[in-house]
2 protein chains.
Amino acid sequence: MEDVNNKSSKPFHRSTIDDVARGAGVSKTTISRYLSGQFDSLSEQTRKRIEETIAALKYRPNRMARGLKRDKSFTIGMIVADITNPFSTSILRGVEDVCTKNGYSLMVCNTDNDPEKEKEYIMMLQAHRIDGLIINSTGQNNEYLHELAEEKIPIVLVDRKAPELNFDTVVTDNVQATTKAIEFFLEQGYDRIAFFTQPIGMVSSRSERAGTFQKMLEAANHPSTSDIYEADIRAEGQLEQKIDEFLASSEGQFRMLFAANGVMMLKILNIFQLKQIRIPDDIGVACYDDLDWAPVIGPGITTIAQPTYSIGVNAMERVLARIIGDQSPGVLIALPGTLNVRGSTPSKAGT
Amino acid sequence: MEDVNNKSSKPFHRSTIDDVARGAGVSKTTISRYLSGQFDSLSEQTRKRIEETIAALKYRPNRMARGLKRDKSFTIGMIVADITNPFSTSILRGVEDVCTKNGYSLMVCNTDNDPEKEKEYIMMLQAHRIDGLIINSTGQNNEYLHELAEEKIPIVLVDRKAPELNFDTVVTDNVQATTKAIEFFLEQGYDRIAFFTQPIGMVSSRSERAGTFQKMLEAANHPSTSDIYEADIRAEGQLEQKIDEFLASSEGQFRMLFAANGVMMLKILNIFQLKQIRIPDDIGVACYDDLDWAPVIGPGITTIAQPTYSIGVNAMERVLARIIGDQSPGVLIALPGTLNVRGSTPSKAGT
DNA sequence: TTGTATGCGTTATCAT
DNA sequence: ATGATAACGCATACAA
């Protein structure tokens with residue numbers, strides 16, 4: 001069996017533009033012209049000869065060399081808070097498709113919502129001279145983002161706004177989506193509605209969702225105006241404690257729990273299961289993110305589908321627009337969410 | 001508000017090693033020494049001056065230039081069949097963590113199991129002069145992979161073997177994991193066990209799982225020896241048809257369905273839900289991949305947890321080993337899976 | 001239609 | 001302990 005890993009066998013020579021030039025009997029300038037598709041300044045003859053030589057030599061232009069010369073890496077950086085979250089990967093898919101179609105490669109970085117990691121990644125991507133950055137930011141590194149922006153590198157914010165930065169931003173229209181959901185919940189006649197979210201902090205998507213929740217319940221003069229529960233799902237026991245709080249305070253009432261994202265919903269459902277709390281008999285539930293398990297759990301979980309793939313596509317399209325010279329002020333793109341009603345949110349009347 | 005996107009404002013100058021040299025009043029060679037950590041050949045004085053200058057100028061070494069010179073990009077390529085599958089992202093997490101710790105960046109590519117896309121990505125990564133490749137291959141592009149290997153680029157196969165390639169390979173120990181699961185199913189006393197898989201083709205993980213299933217049932221003289229169903233989950237109606245087939249043929253028997261991966265399991269559960277087939281009353285189920293919904297669906301779904309994160313870590317560690325010179329023949333690392341028994345697979349006796 | 005020469009931002013070799 | 005210079009692989013201005 002051939003030992004493909006033996007580095008010492010022969011000091012492998014990767015062919016360069018010079019090799020191709022020599023092989024085709026022309027200058028490297030001519031090869032370069034071929035590579036950049038300037039076929040009209042090439043004779044049919046030489047063009048064919050170049051083609052053959054490239055194939056024979058298995059020549060692949062070195063992107064680093066090209067990038068160095070043209071000051072363009074043809075790679076895009078993407079920083080996500082949690083690559084494990086289907087929300088992120090779906091956006092990633094959208095970004096990737098647009099990248100590929102336009103000849104860009106994608107460098108993916110996962111921060112676990114850790115500002116320190118995020119900072120490291122920003123600097124690393126900067127060192128790679130990325131041509132654009134799509135980021136689901138923690139909001140703690142605006143200084144470094146701003147530095148990137150000063151270098152004329154297009155930056156697009158995803159899922160989280162940062163008005164002070166004036167970057168292009170692509171998000172779900174959280175006010176619209178939340179409004180639609182709450183309207184429905186109110187119609188169903190719930191006496192108590194709990195909103196469960198991860199710590200709101202400065203994360204715009206969280207504050208918009210919680211804010212809309214509160215405003216609407218106030219407007220409806222609903223008893224649950226302050227039933228907003230913040231819990232760090234990584235902190236042992238914290239979520240369960242908040243759940244117990246709500247369950248105790250709403251004992252016997254027609255109630256539901258609205259989770260601000262799919263991952264949190266799943267954690268909550270786990271806890272419910274341990275406590276033998278039944279859905280929707282003991283409590284109704286609904287959440288953001290229409291993940292693939294939603295139809296299958298219990299009576300089906302009511303969800304708000306976010307236009308994730310589309311968010312990715314739009315984000316990358318903004319990057320491209322900036323690259324080709326768009327200099328207008330930062331644009332905000334808010335894409336509508338969709339409410340999927342399932343069995344987990346019955347009406348008080350009994351439909 | 002400052003217009004950070006206005007490219008024409010001032011022709012931004014990104015500082016280079018020359019700027020730093022000038023600023024610190026030394027030669028670029030000295031700066032280069034500093035950058036590569038050769039502090040023992042630098043006076044305390046100049047070292048501090050360089051440090052200050054770098055900070056003042058916000059200098060970031062250009063990785064393309066460095067890569068060009070040293071013939072090393074410090075980036076790793078990762079090609080996955082489906083980034084949307086939690087199985088993939090979990091591996092990705094492992095790969096990423098090891099990358100970051102060692103100063104490597106990660107280029108992520110998603111093929112949708114399309115050999116053509118895969119080929120494009122391989123060539124693109126080659127053009128970037130990646131220092132290593134981790135790939136969940138379709139198996140249709142061995143020619144190009146081999147070409148990469150000839151260029152002494154370490155390649156690690158993940159989840160799928162390709163013995164003819166002699167690459168390092170990291171997988172779940174499918175025989176071990178499947179054996180453990182089937183032993184359990186047999187103990188539970190099922191009269192019929194269906195194995196549902198995506199088209200086996202040349203994918204080693206699929207064939208090993210199906211093969212082990214078949215061998216074990218034969219050894220046990222079990223009636224389900226040929227209850228192996230292949231279905232393309234993207235083909236409309238195909239999965240449902242196979243399900244109907246099995247349901248009809250096993251009517252009234254104590255039976256279960258074993259799905260070869262989590263995504264497929266979810267599709268099947270969807271179909272069961274539509275048909276109002278109850279778990280485990282009408283049929284038991286189990287699957288590969290211990291995804292986060294498993295404990296929460298129905299009575300809890302029995303699963304085989306794959307050591308995904310660890311697969312990623314091991315894969316990247318193999319890449320690093322090759323980079324620092326390991327020239328031994330391709331290594332196979334088979335990591336054990338874990339059986340998680342839940343309510344979806346009751347015993348005939350009634351436990 | 002084709003070629004020559006220079007430079008992109010680094011590192012490495014050889015001096016001093 | 002520090003510098004001058006060449007070279008990495010390519011694109012571009014300028015010539016021919």
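This is a predicted model: local features need pLDDT of at least 70, side-chain atom pairs count only at pLDDT 80 or more; totals for chains, interfaces and linings use all residues.
The surface near DNA strand D divides into eight nonpolar, eleven polar and seven charged residues.

In total, 26 residues surround DNA strand D. The closest of them are T16(A), I17(A) and A65(A) from one chain, joined by V26(B) and S27(B) from the other. The largest share belongs to α4(A), which provides five residues.

The elements that give two or more residues to the surface near DNA strand C are α2 and α4 of chain A, with α1 (17-24), α2 and α4 of chain B. On this surface it is α4(B) that gives the most, with five residues. By class, the residues near DNA strand C are eight nonpolar, eleven polar and six charged.

Turning to the protein chains themselves, 57 residues of chain B are in contact with 57 residues of chain A. On the side of chain B that touches chain A, at least two residues each are supplied by α4, α5 (86-101), β2 (105-110), α6 (115-127), α7 (142-150) and α11 (262-274). That side has 23 nonpolar, 19 polar and 15 charged residues. Chain B is superposed on chain A by a rotation of 180° with 0.0 Å of shift along the axis, at an RMSD of 0.1 Å. This is the relation of a two-fold axis. Of the interface residues of chain B, 98% are also interface residues in chain A, so the copies meet through the same surface.

Within chain A, six strands form an open sheet in the order β7-β6-β8-β9-β10-β12, with mixed pairing. Its edge strands are β7 (228-230) and β12 (338-340), each of which pairs on one side only. From one strand to the next, the twist averages 20°. Strands β6 (residues 192-197) and β8 (residues 255-259) of chain A pair in the parallel sense over five bridges; among the residues involved, I193(A) has M256(A) in β8(A) as its bridge partner. Helix α8 (residues 174-188) of chain A packs on the sheet, where it touches β6, β8, β9 (284-288), β10 (302-305) and β12. The direction of α8 makes about 30° with that of β12(A).

Another helix of chain A, α9 (residues 204-219), holds Q214(A). With 18 other C-beta atoms within 10 Å, Q214(A) is partly exposed. Leaving aside residues up to four places away in sequence, Q214(A) touches T225(A) and I228(A). The C-alpha atoms of Q214(A) and D227(A) are separated by 8.5 Å, although these residues are 13 apart along the chain.

Some features of the backbone also deserve a look. Most residues other than glycine have a negative phi, and most peptide bonds are trans. In chain A, a cis peptide bond joins I279(A) and P280(A), with omega about 5°; P280(A) is found in the loop between α11 (262-274) and β9. In chain B, a cis peptide bond joins I279(B) and P280(B), with omega about 0°, and P280(B) has its place in the loop between α11 and β9 (284-288) of that chain.

D71(B), which is not glycine, has a phi near 55° and lies in the loop between α4 and β1 (75-80) of chain B. D71(B) is exposed, as 11 other C-beta atoms lie within 10 Å. N113(B), likewise a residue other than glycine, has a positive phi of about 60°. The loop that holds N113(B) runs between β2 and α6 of chain B. N113(B) is partly exposed, with 17 other C-beta atoms within 10 Å.

Key:
Residues are numbered from 1 along each chain as its sequence is written. Chains are lettered from A and ligands numbered from 1 in the order in which they are written. Two strands pair if DSSP finds at least two bridges between them. Helices (H or I, at least four residues) and strands (E, at least two) are DSSP runs, numbered from the N terminus. Axes are lines fitted to C-alpha atoms, for helices over the stretch in contact, and angles run from 0 to 180 degrees between N-to-C directions. Two residues are in contact if their C-beta atoms, placed from the backbone, lie within 7 Å. A residue is near a molecule or strand if its C-beta atom, placed from the backbone, lies within 6 Å of it. Ala, Val, Leu, Ile, Met, Phe, Trp, Tyr, Cys and Pro count as nonpolar, Asp, Glu, Lys and Arg as charged, and the others, Gly among them, as polar. Copies are superposed by least squares on the C-alpha atoms of residues with pLDDT of at least 70 in both. A residue is buried if 20 or more other C-beta atoms lie within 10 Å of its own, exposed if 12 or fewer, and partly exposed in between; C-beta atoms are placed from the backbone.
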